[in-house]
Amino acid sequence: MSRARVLVGTRKGAFILTADGTRKDWEVSGPHFGGWEIYHVKGSPADPDRLYASQTSGWFGQILQRSDDGGKTWEAVSNEFKYDGNPGTHQWYDGTQHPWEFKRVWHLEPSPSDPDTVYAGVEDAALFKTGDGGRSWQELPGLRSAKGKIWQPGAGGMCLHTILLDPIRPEEIFVAISAAGTFRSDDGGVTWRPVNNGLKSPYELPDPDAEVGHCVHRIARHPSRSGVLFMQKHWDVMRSDDRGDSWHEVSGNLPSDFGFPIDVHAHEPETIYVVPIKSDSEHYPPDAKLRVYRSRTGGNEWEALTKGLPQRDCYVNVLRDAMAVDSLDPCGIYFGTTGGQVYASADSGDTWNPIVRDLPAVLSVEVQVLA
Amino acid sequence: MITMIRVVLPFHLRNLARVYDEVELEINSAQNGPVTLGALLDAIELRFPVLRGTIRDPDTLKRRPFVRFYACKEDLSHEPPETPLPPEIVTGAEPFFIMGAMSGG
């Protein structure tokens, strides 16, 4: 029987949860790297026991960890993320120019086909790549040429937080940056262009339709429909049917279209999930009810999923990298909260259970299906 | 001249370096000159490559803002790398402390 393994990054360490295919009883191991902020842990699709973890600290900086045995043992690999050449400056909060400075790795995206190849999204926003299992990292500097000089940090920092790779079209890569927007490369990461047409940010930007500057919180897509993208923006849930060339809003009947994560059902390309948050000023669920919203129509028509989730006095947030789906049947959905709970649904979202609670604030959740 | 210096690392760096007590570092001071703060930090990173970047920036070699260096009840955190270490540190009579600065979280 297949097993599920959930990789949880928190403010104070990483945790690994495992269960059989029923996904009812979970075993928790951790904390790994206790006391460190673990922004992201992700396994290689080509070798599920190859894991990469971003370990970071305000005191001691960035460490990059790798495991070759599914998280039983770890080895620190290179933590040198040097921008290519002189990175110059980007726009600062006060409108002045500010030098590009590496702060931390937000997101790790292993190649679909090679366990030694991984992309890393960092703050200040840039994309790095390793081809040797993390022993060295090289920047793909063409991304910062896509108007990087006018990118500006959001409140959480100027982070590259989403990387979408396509196993069928390896030359096509999408990334998303807060607060710069979405960018696409059609040549394997050498050159890039902003793909933000249709995004509107009237409360954040002087030009609501600006080419760059939008606070994209997350983008997602189904592996079988690589041209269809879904986005949770600062405000607005958006959809593109043309590889990001144009976007239209699909927020529909959501109680709030502010939020952070968005994900797509593993077997139903038009079924998507978001977790609405009250507002940009109040990062907790509307009406103090933790509700995942599911659309089976690719947006616009949404239903609240509440069974097993707290429906009163709930004031947690769900961060952008803290939702994942597994490929079992029925599809499993997982998300972690800033209150330290990880909730899972083994029936596509109909019912939920906390599979661990009282962890430190959850920064990221990933799931693997193991043979 | 070869000297043996005792270094106490903070909890998180001990874990990274996989050491569980203070460490002893052999430093060969050039032409019998003084053993400096910078030479000690070089020696730590040479012995424990995993600590490269955790104590000071790997490019500029500037101390990370929330790391402190203490020796013989003195704060050497703001001293330049060419600062000679106190004799008690060089002889091994006293350990050199690397600490995480006090801050919440």
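Buried, as used here, means under 20% relative accessible area, exposed means over 50%, and partly exposed lies in between (1.4 Å probe, protein chains only). The structure is a predicted model, in which local features need pLDDT of at least 70 and side-chain atom pairs count only at pLDDT 80 or more, while totals for chains, interfaces and linings use all residues. Residues are numbered from 1 along each chain as its sequence is written, chains are lettered from A and ligands numbered from 1 in the order in which they are written, and side-chain values use heavy atoms, with hydrogens and water left out.

One joins A:Asp326 to A:Arg23, at 3.0 Å from N to O. These partners come from distant parts of the chain, 303 residues apart: A:Asp326 sits in the loop between β26 (323–325) and β27 (333–336) of chain A, and A:Arg23 in the loop between β2 (13–20) and β3 (27–32) of chain A. Strands here are DSSP runs (E, at least two residues) and helices likewise (H or I, at least four), numbered from the N terminus. A:Asp326 counts as buried at 1% relative accessibility, and A:Arg23 is buried too, at 9%.

A:Arg66 pairs with A:Asp68 in a salt bridge whose closest N and O atoms are 3.0 Å apart. Here A:Arg66 is buried, with a relative accessible area of 7%, whereas A:Asp68 is partly exposed at 44%. In the salt bridge between A:Glu123 and A:Arg104, the closest N and O atoms are 2.8 Å apart. A:Glu123 belongs to strand β11 (residues 118–123) of chain A and A:Arg104 to strand β10 (residues 104–110) of chain A, so the pair ties together parts 19 residues apart in sequence. Both A:Glu123 and A:Arg104 are buried. Elsewhere, a network of salt bridges links A:Glu268, A:Arg294, A:Arg296, A:Glu303 and A:Asp350.

Turning to where the chains meet, 18 residues of chain B are in contact (heavy atoms within 4.5 Å) with 18 residues of chain A. The area buried between chain B and chain A, that is, the accessible area (1.4 Å probe) that the two lose on being put together, summed over both, is about 1400 Å², with carbon and sulfur atoms giving 55%. B:His12, B:Leu16 and B:Arg64 supply 33% of the area that chain B buries against chain A, more than any other three residues. The interface of chain B and chain A holds 2 salt bridges. B:Arg52 forms a salt bridge with A:Glu80, the closest N and O atoms being 3.0 Å apart. Helix α1 (residues 11–17) of chain B gives the most to the side of chain B that touches chain A, with 3 residues.

The nonpolar interior comes next. A nonpolar core is a set of buried Ala, Val, Leu, Ile, Met, Phe, Trp, Tyr and Cys residues joined through side-chain atoms within 4.5 Å. The largest has 40 residues, and those with the most contacts inside it include B:Val7, B:Leu40 and B:Phe96. Helix α2 (residues 37–47) of chain B provides the largest share of this core, 5 residues. Leaving aside neighbours within four places in sequence, B:Leu40 is in contact with B:Ile5, B:Val7, B:Leu25, B:Ile27, B:Leu85 and B:Phe96. Apart from this core lies another, of 35 residues, among them A:Val6, A:Val275, A:Ala322 and A:Val362.

Terms used. A salt bridge is a side-chain nitrogen of Lys or Arg within 4 Å of a carboxyl oxygen of Asp or Glu.
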